[in-house]
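Please read these notes with the model open beside you.

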Amino acid sequence: MFDRYESGERAVLVHINFTQEGEWEDLNEFEMLVSSAGVSTLQVVTGSRQSPHPKYYVGEGKAQEIAQAVQLTGAEIVIFNHALSPAQERNLEQLCKCRVLDRTGLILDIFAQRARTHEGKLQVELAQLRHISTRLIRGWTHLERQKGGIGLRGPGETQLETDRRLLRDRIKAILRRLDKVAKQREQGRRARNRAEIPTVSLVGYTNAGKSTLFNRITEAGVYAADQLFATLDPTLRKIDLADVGPAILADTVGFIRHLPHDLVAAFKATLQETQEADILLHVVDASDERFRENIQAVHDVLEEIDAIEIPSLVVMNKIDNLEGQKPRIERDEEGIPRAVWVSAMEGIGIELLFEALTERLASQMVQYQLRIPPQFQGRLRSTFFNMKCIQQEEYDEEGNLLIDIRMQQVDWSRLEKREEAVLRDFIVT
């Protein structure tokens, strides 16, 4: 039941256009998803409907057309660009005499192929089990009820109940292990916070070029390809920014329209790198005709994971695919950078990205010169030294320490609170 099919399957694709906007999907993106899963497309069946049919999702005539396409092409699987209910999936399989997969199942399959780390594999398995648990009846309809008759009555579980119990136990075990992973990540984040190192998280629609940009900035050699969900596991690297110092850059999983809720829930530990970031680099494929819709899709996911309030800098990527576009920094009315136009593949505009990122992070920095009397020098100088924020220091004739410091606003506020605001008295105006 849990065995995965080999990739390279031959499929009939089904894409229905709905008048309801919420049901609308993109056919080109669907074909890219199928290609990313290693599936070869034999035929694409399209159609239009007002709303989904309760039995087959498509109308009965269209369902017959799909079954004929399977028979004529010799396809081994039918893939829908929509979310099917378990009953619709089962009815279509009985009609087409082959496996039927919906959009969620397809994305899960891609994730299963791409997971590399222990955490990534656990998260994919959790999402798969939650998805399968609603579809268990498909494989065990003959054991749906206990058999009656002499010698067959009894209080034992049906096979279906046993499978559900085993699934629940496995899900609980995975959740416990993921909780452990989340705690380990939290320790790493706390250590970075103690070291006052800002975190920059790359977010964006899948295949926007996040990993290519990550590699260009960090020379990390992370797997990057022109396919959807090439990156699944988060990767962290240290970078150095002028006037800011060291920062952590995090490459994360790409977002997509109608990202299955099971995946958002399963990848909670991974997405926490985004939730805890100081600033988000929102990478956008500027050459995609639907880049505005993609931006909105990313905003929807950020809202779902409570990360919409985090400051962001838009990176308009792939300008090498556009005519007449040059690398530049766009600024808002206050002169603060809001977008940078670059090509990660060609390395164009990367220095402008560093400039804009430094400016955005530096705007969250404060710089003071303090005159500290001798009785406070030992403790405060030690604190500033540990925070690595000392720019320059010297002593005046009266033995006071004159010290120039630079740190993030949030750290200064914490320090002021801890020192009971005594620091304000030492600021040289």
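1. Asp300, Glu303, Glu304, Asp306 and Glu309 form a negative surface patch. A patch takes residues with over 30% relative accessible area and no salt bridge, joining like charges within 9 Å and nonpolar side chains (Val, Leu, Ile, Met, Phe, Trp, Tyr) within 5 Å. Lys and Arg count as positive and Asp and Glu as negative, while His and the chain ends are not counted. The place of a charge is taken as NZ of Lys, CZ of Arg, CG of Asp or CD of Glu.

2. The model is predicted: local features need pLDDT of at least 70, side-chain atom pairs count only at pLDDT 80 or more, and totals for chains, interfaces and linings use all residues. Residues are numbered from 1 along each chain as its sequence is written, and side-chain values use heavy atoms, with hydrogens and water left out.

3. Buried means under 20% relative accessible area, exposed means over 50%, and partly exposed lies in between (1.4 Å probe, protein chains only).

4. A positive surface patch is made up of Arg164, Arg168, Lys172 and Arg176. Arg168 belongs to helix 6 (residues 159-194) and is partly exposed because its relative accessible area is 47%.

5. The chain has 13 helices and 14 strands. These are DSSP runs numbered from the N terminus: helices are H or I with at least four residues, strands are E with at least two. Of the 429 residues, 49% are buried. The chain exposes about 21800 Å², and carbon and sulfur atoms supply 47% of that area. Accessible areas come from the Shrake-Rupley method with a 1.4 Å probe; for residues, only the protein chains shown count as cover.

6. How many salt bridges does the structure hold? There are 10, a salt bridge being a side-chain nitrogen of Lys or Arg within 4 Å of a carboxyl oxygen of Asp or Glu. Side chains of opposite charge can pair when their charged atoms come close.

7. Asp285 and Lys318 form a salt bridge, with their closest N and O atoms 3.5 Å apart. Asp285 is in strand 8 (residues 279-285) and Lys318 is in the loop between strand 9 (312-317) and strand 10 (328-331), so this pair ties together parts that are 33 residues apart in sequence. Both Asp285 and Lys318 are buried.

8. Arg290 and Glu293 also meet in a salt bridge (4.0 Å, N to O). Arg290 counts as buried because its relative accessibility is 13%, whereas Glu293, at 38%, is partly exposed.

9. Arg371 and Asp396 meet in a salt bridge too (3.8 Å, N to O). Arg371 is in strand 12 (residues 365-372) and Asp396 is in the loop between strand 13 (390-395) and strand 14 (401-408), a pair that links distant parts of the chain, 25 residues apart.

10. His282 lies in strand 8. Is this residue buried or exposed? His282 counts as buried because its relative accessibility is 4%. Leaving aside neighbours within four places in sequence, its contacts (heavy atoms within 4.5 Å) include Val203, Ile295 and Leu313. His282 and Val203 are 79 residues apart in sequence, yet their C-alpha atoms are 5.0 Å apart in space.
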